[in-house]
Amino acid sequence: MSYVEEVYQNLEKKHPAEPEFLEAAKRILDSLDPIVKAHEDVYRKNALLERFVEPERIISFRVPWTDDKGVNHVNLGYRVQFNSAIGPYKGGLRFHPSVNQSILKFLGMEQILKNSLTSLPIGGGKGGSDFDPHGKSDAEVMRFCQSFMTELFKYIGKDTDVPAGDIGVGGREVGFLYGQYKRLTGLYEGVLTGKGLSFGGSLARTEATGYGLVYITDEMVKGAGKTLAGKTVLVSGSGNVAQYAVKKATELGAKVVTVSDSAGYIYDPNGINFEVLCQIKQVERARIKVYADRVPGSVYHEGEKPWGEKCDIALPCATQNEITGSDAEKLIANGCWCVAEGANMPSDADAIDRYEKARVESGFLFMPAKAANAGGVAVSALEMSQNSERLSWSFEEVDKKLKDIMVNIYKNVSTTAEKYGHAGDFVTGANIAGFEKVADAMLAQGLV
């Protein structure tokens with residue numbers, strides 16, 4: 001039995017009730033097999049994999065709060081501080097009913113590798129609560145955030161653990177969380193990222209994930225001897241990531257023909273109009289179907305996903321597991337030869353297997369989320385730097401740094417895949433490239 005298999009079997013015995021974490025750990029460990037075999041004696045001696053797959057600590061706590069009717073509620077809060085070998089823990093807070101320890105551990109393990117890929121000094125963590133902010137008043141969300149931070153503040157700090165937003169945690173929630181942290185500690189420091197521009201936030205943070213996605217896609221396409229200009233692109237979602245992926249892809253000469261929300265998708269053969277999209281989603285906060293009423297020639301498809309349209313490139317930017325194996329089959333059958341993930345793990349296991357088969361057969365390009373959507377956490381880390389220096393960089397400065405980071409991520413992923421005999425396999429390349437830096441740091445710091 002290989003070292004990787006031993007570690008995973010022990011993980012299954014310890015955590016049988018954590019299916020999401022086990023699935024993520026299995027895929028990551030399997031992809032690390034080439035580097036583990038090359039360094040097996042050293043890794044075994046230092047119990048490196050055993051330490052890598054277990055969080056350094058998990059904090060769980062109750063979060064009591066009162067709604068507007070005076071009714072008291074109790075939710076669960078968590079922070080998974082997974083790995084600090086290369087820097088303070090960094091990762092989002094998620095407020096959603098689905099949040100549990102298994103999901104946060106799987107997200108935290110992914111975050112370790114994603115953060116390492118940015119080349120910035122940030123470790124991996126994740127946190128959140130099973131609280132659902134949807135339908136809650138501002139006052140209710142504020143009271144919840146204040147109660148949540150009243151416990152969490154003991155474990156975070158600008159050089160210890162720097163959370164950010166995630167699903168259910170946007171600018172409003174970050175503001176309330178930061179206000180309570182400052183109230184409790186008396187410290188005005190960069191302990192949260194995704195802050196408002198008036199109190200330490202970074203320019204280009206809103207655009208970062210979408211822009212970064214397109215920057216790395218452009219490099220991947222160039223690496224295959226092609227260009228983004230003139231290509232037809234499918235985008236799913238219509239939030240910040242999708243909006244700014246549409247904008248940057250269009251600026252680089254591609255034609256984006258779809259956007260979507262949970263109710264359906266728009267197909268615009270002339271290319272999605274960014275200004276109309278932003279008016280609908282940022283200003284009016286309406287459903288995407290309104291787009292078809294305003295842009296002649298566009299068509300709304302109720303209750304469907306965009307993956308049946310013909311395209312060259314697909315950029316899923318909506319939600320987890322939005323591309324199934326059958327969706328991947330449709331994409332490939334309709335001419336798609338490149339997928340880069342803007343959302344967190346939008347392709348399910350069957351879809352990834354189908355991409356890999358197409359890569360072997362025809363050179364299909366697939367860049368996983370931990371590399372492709374790292375622009376968001378990269379600019380969060382740049383926000384930390386600005387806060388430490390008491391400076392605010394211009395949009396152009398941040399955008400240039402973001403582009404350089406994404407270009408370097410592609411180069412690192414590509415060369416690492418080739419180094420370990422998996423040329424063109426960017427899943428393996430991303431996992432090994434992220435792990436290699438963390439492993440070296442863990443070995444250098446001893447058995448801790």
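Angles under 35 degrees count as roughly parallel, over 145 as roughly antiparallel, 65 to 115 as roughly perpendicular and the rest as oblique. With that in hand, here are some close-ups of this predicted model.

**View 1. Helices α9 and α17 cross in a right-handed manner.** Helix α9 spans residues 205-223 and helix α17 spans residues 395-419; their axes come within 9 Å and cross at roughly 40°. The two helices, α9 and α17, are therefore oblique to each other. On the α9 side, the contact is made by E207, A208, Y211, G212, Y215, I216, E219, M220 and G223. Facing them on α17 are F395, D399, L402, K403, M406, V407, I409 and Y410. Sorted by class, the residues of this contact of α9 with α17 divide into 11 nonpolar, 2 polar and 4 charged.

**View 2. Helices α7 and α8 pack with a crossing that is right-handed.** Here we look at α7 (residues 138-152) and α8 (residues 171-185), whose axes come within 8 Å and cross at roughly 45°. As a pair, α7 and α8 are therefore oblique to each other. From α7, the contact draws on D138, V141, M142, C145, Q146, F148, M149 and T150. Helix α8 answers with R172, E173, F176, L177, Q180, Y181, R183 and L184. The contact of α7 with α8 has 9 nonpolar, 3 polar and 4 charged residues.

**View 3. Helix α13 packs against helix α14 at an angle of about 35°.** The axes of α13 (residues 325-333) and α14 (residues 349-362) lie 7 Å apart. Helix α13 passes α14 in a right-handed crossing. Look for G325, A328, E329 and I332 of α13, which meet D350, A351, R354, Y355 and A358 of α14. By class, this contact of α13 with α14 holds 5 nonpolar, 1 polar and 3 charged residues.

**View 4. The largest cavity has a volume of about 100 Å³.** The count comes to 1 cavity of 30 Å³ or more. Its lining is made of F106, L107, E110, Q111, K114, K126, N344, M345, A369 and K370. Helix α6 (101-117) and helix α15 (369-372) each supply at least two residues of that lining. Of the elements in the lining, α6 gives the most, with 5 residues. In terms of class, the lining of the largest cavity has 4 nonpolar, 2 polar and 4 charged residues.

**View 5. The second largest pocket has a volume of about 490 Å³.** This pocket is lined by 27 residues, and R27, I352, V427, T428 and N431 are the closest to its centre. The elements that give two or more residues to the lining are α2 (19-31), α14, α15 and α18 (426-444). The lining of the second largest pocket divides into 12 nonpolar, 6 polar and 9 charged residues.

**View 6. Residue D312 sits in the loop between β9 and β10.** Strand β9 covers 299-302 and strand β10 covers 313-315. Leaving aside residues up to four places away in sequence, D312 touches K231, T232, G335, C336, W337 and C338. For a sense of scale, compare D312 with E151: these residues are 161 residues apart in sequence and 48 Å apart in space, C-alpha to C-alpha.

Definitions and conventions
Residues are numbered from 1 along each chain as its sequence is written. This is a predicted model: local features need pLDDT of at least 70, side-chain atom pairs count only at pLDDT 80 or more; totals for chains, interfaces and linings use all residues. Side-chain values use heavy atoms; hydrogens and water are left out. On a 1 Å grid over the protein atoms alone, a cavity is a set of points where a 1.4 Å probe fits but cannot get out, and a pocket is an open set with protein on both sides within 12 Å along at least five of seven lines; lining residues have an atom within 4 Å of a point. Grid points are joined across faces, edges and corners, and a volume is the space filled by probe spheres set on the points. Helices (H or I, at least four residues) and strands (E, at least two) are DSSP runs, numbered from the N terminus. Ala, Val, Leu, Ile, Met, Phe, Trp, Tyr, Cys and Pro count as nonpolar, Asp, Glu, Lys and Arg as charged, and the others, Gly among them, as polar. Axes are lines fitted to C-alpha atoms, for helices over the stretch in contact, and angles run from 0 to 180 degrees between N-to-C directions. A crossing is left-handed if the near helix is turned anticlockwise from the far one by less than a right angle, and right-handed if clockwise. Contact means heavy atoms within 4.5 Å.
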